[in-house]
Amino acid sequence: MKKCKGCGAILQSKDPNAPGYTPKENSDYCQRCFRLIHYDDLMISMRKGIDPDVVIDRISQSDALILWVVDLFDFEAGIIPGLNRHLIGKDIIMVCTKRDILPDTLSEEKIARFVFSRLKENGISIKSLILTSKLERMGVEEVKQAVQLYRKNREVIVMGKANSGKSTLLNNLLGENTLTMSRYPGTTLDFNELEIDGVPYVDTPGIEISHSILMEVKEDELKEILPARTLKPQVYQLRYDQSFAIGGLVRLDLMKCDHASCVFYMSDSLKIHRGKVSGADALWKKHYGTLFQPVPVTNQFKKYTIRKEMDKMDIVIDGLGWACVHGQMSTITVYVPENVNVTFRKAML
Ligand SMILES: Nc1nc2c(ncn2[C@@H]2O[C@H](COP(=O)(O)OP(=O)(O)OP(=O)(O)O)[C@@H](O)[C@H]2O)c(=O)[nH]1
Ligand SMILES: [Mg+2]
């Protein structure tokens with residue numbers, strides 16, 4: 001059975017609505033990959049990614065070195081708690097992608113310190129950490145060297161959450177764009193083998209990101225949410241109570257602020273509106289879905305309220321980025337779409 005070179009789905013010419021369909025004989029790519037590559041047109045959405053148990057089970061059964069890919073911008077969503085327990089005895093090299101999205105002012109040492117502290121908190125141990133970017137193929141040589149050092153004749157499996165940049169990393173290692181890459185989570189559909197410098201690698205379907213804002217918006221709105229270039233921090237000085245609407249996706253209320261600031265690290269295509277907390281309910285009702293957009297497809301929100309205890313902390317929303325709050329304030333309330341994860345962490349920057 002022949003597989004699509006782009007996404008790994010088994011090629012078939014029976015069902016145009018199923019993965020792997022191609023009307024052509026002897027084609028190397030399915031129609032979905034062809035249209036994604038040439039027209040950025042997503043024919044079949046598989047954005048939820050694959051059940052983590054299915055991917056991890058299959059990986060745990062193979063004798064392989066693991067390249068675990070985590071998107072630095074969406075780091076909290078990329079963490080798989082207890083990873084070593086799922087992959088007993090496996091050597092894991094962690095590759096943190098999208099370095100170019102984080103500001104240059106954040107040094108590599110600082111990123112590494114941040115990553116190791118989050119790994120420690122999640123009980124994950126790795127052999128090596130490498131930072132990469134698709135720009136100028138940053139980190140490619142380091143990945144190859146680490147693979148050489150730890151592979152011991154085994155194959156190399158590239159795994160991680162949907163949209164973390166696994167296929168992009170492999171194309172960069174290969175030096176050409178053979179695998180299909182796209183901003184739509186769930187691009188790679190099946191295990192997909194390829195050889196790079198004589199080493200067998202396997203691209204894998206992304207593990208599901210069921211608690212991400214990326215699951216909550218329409219496909220054509222992903223462009224607004226995913227940052228295309230280096231984050232430009234959006235800084236707000238705060239006094240009294242302040243409420244922020246991030247599009248119609250998130251509302252953030254900061255109470256009793258004094259000598260405080262809130263800095264947003266998010267795509268600059270997203271519009272942030274600021275107002276007083278006292279008027280925020282009315283404004284939200286009035287502008288939700290019009291001025292405040294995009295909005296989540298479910299229209300259901302949940303609310304977290306916490307006391308601000310750390311001096312400088314990040315409020316991280318899976319898939320969307322984070323807000324860093326600093327200075328005096330009493331409580332923080334976040335309204336997010338019902339299924340979306342929020343993490344309160346010590347500031348990354
Ligand atoms: N800015 C930036 N974007 C990146 C980088 N690596 C990947 N991307 C983008 O991230 C998106 C997802 O990349 P893919 O390589 O398709 O991700 P994947 O992990 O293979 O995704 P699935 O197959 O859906 O699991 C694409 O829009 C890429 O262009 C990077 O280093 N920097
Ligand atoms: Mg992929």
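Me: In this predicted model, how many residues surround ligand 1?
Reply: A residue counts here if one of its heavy atoms lies within 4 Å of the ligand. The closest are Asp100, Lys134, Lys166, Thr168 and Gly186. With the others included, the number of residues around ligand 1 is 21.

Me: How far is an oxygen atom of ligand 1 from a polar backbone atom of lysine 134?
Reply: A polar contact needs N or O atoms within 3.5 Å. The pair at lysine 134 uses a backbone atom of the protein and an oxygen atom of the ligand. The distance is 2.6 Å.

Me: Which residue has a side-chain N or O atom 2.9 Å from an oxygen atom of ligand 1?
Reply: Threonine 187 uses a backbone N or O atom, at 2.8 Å from a ligand oxygen. That is a backbone contact. The side-chain atom at 2.9 Å belongs to serine 167.

Me: What share of ligand 1 does the protein bury?
Reply: Ligand 1 takes up the space of the largest pocket. Taken alone, ligand 1 exposes 660 Å². Of that area, the protein buries 91%.

Me: Which element gives the largest share of the largest nonpolar core?
Reply: This core has 43 residues, and Trp68, Phe75 and Met94 are among those with the most contacts inside it. Elements that give two or more residues include α2 (52-61), β1 (64-71) and α5 (108-121). The largest share is 5 residues, and it comes from α5.

Me: How many residues are in the other core, the one with Tyr236 and Leu270?
Reply: Nonpolar side chains tend to be buried together in soluble globular proteins. This other core lies apart from the largest one. Val334 and Val336 also belong to it. Its residues number 39.

Conventions. Residues numbered from 1 in each chain as written. Chains lettered and ligands numbered in written order. Predicted model: local features only at pLDDT ≥ 70, side-chain atom pairs only at ≥ 80, totals over all residues. Heavy atoms only, no water. Core = buried A, V, L, I, M, F, W, Y, C linked by side-chain atoms within 4.5 Å. Buried < 20%, exposed > 50% of the residue type's maximum accessible area, 1.4 Å probe, protein only. Helix = DSSP H or I, 4+ residues; strand = E, 2+ residues; numbered from the N terminus. Polar contact = N/O pair within 3.5 Å; in protein donor to acceptor, adjacent residues only side chain to side chain. Areas by Shrake-Rupley, 256 points an atom, 1.4 Å probe, with all protein chains shown as cover. 1 Å grid on protein atoms, 1.4 Å probe; cavity = no way out; pocket = protein on both sides within 12 Å on 5 of 7 lines; lining within 4 Å. Sits in = over half its atoms within 2 Å of the grid points.
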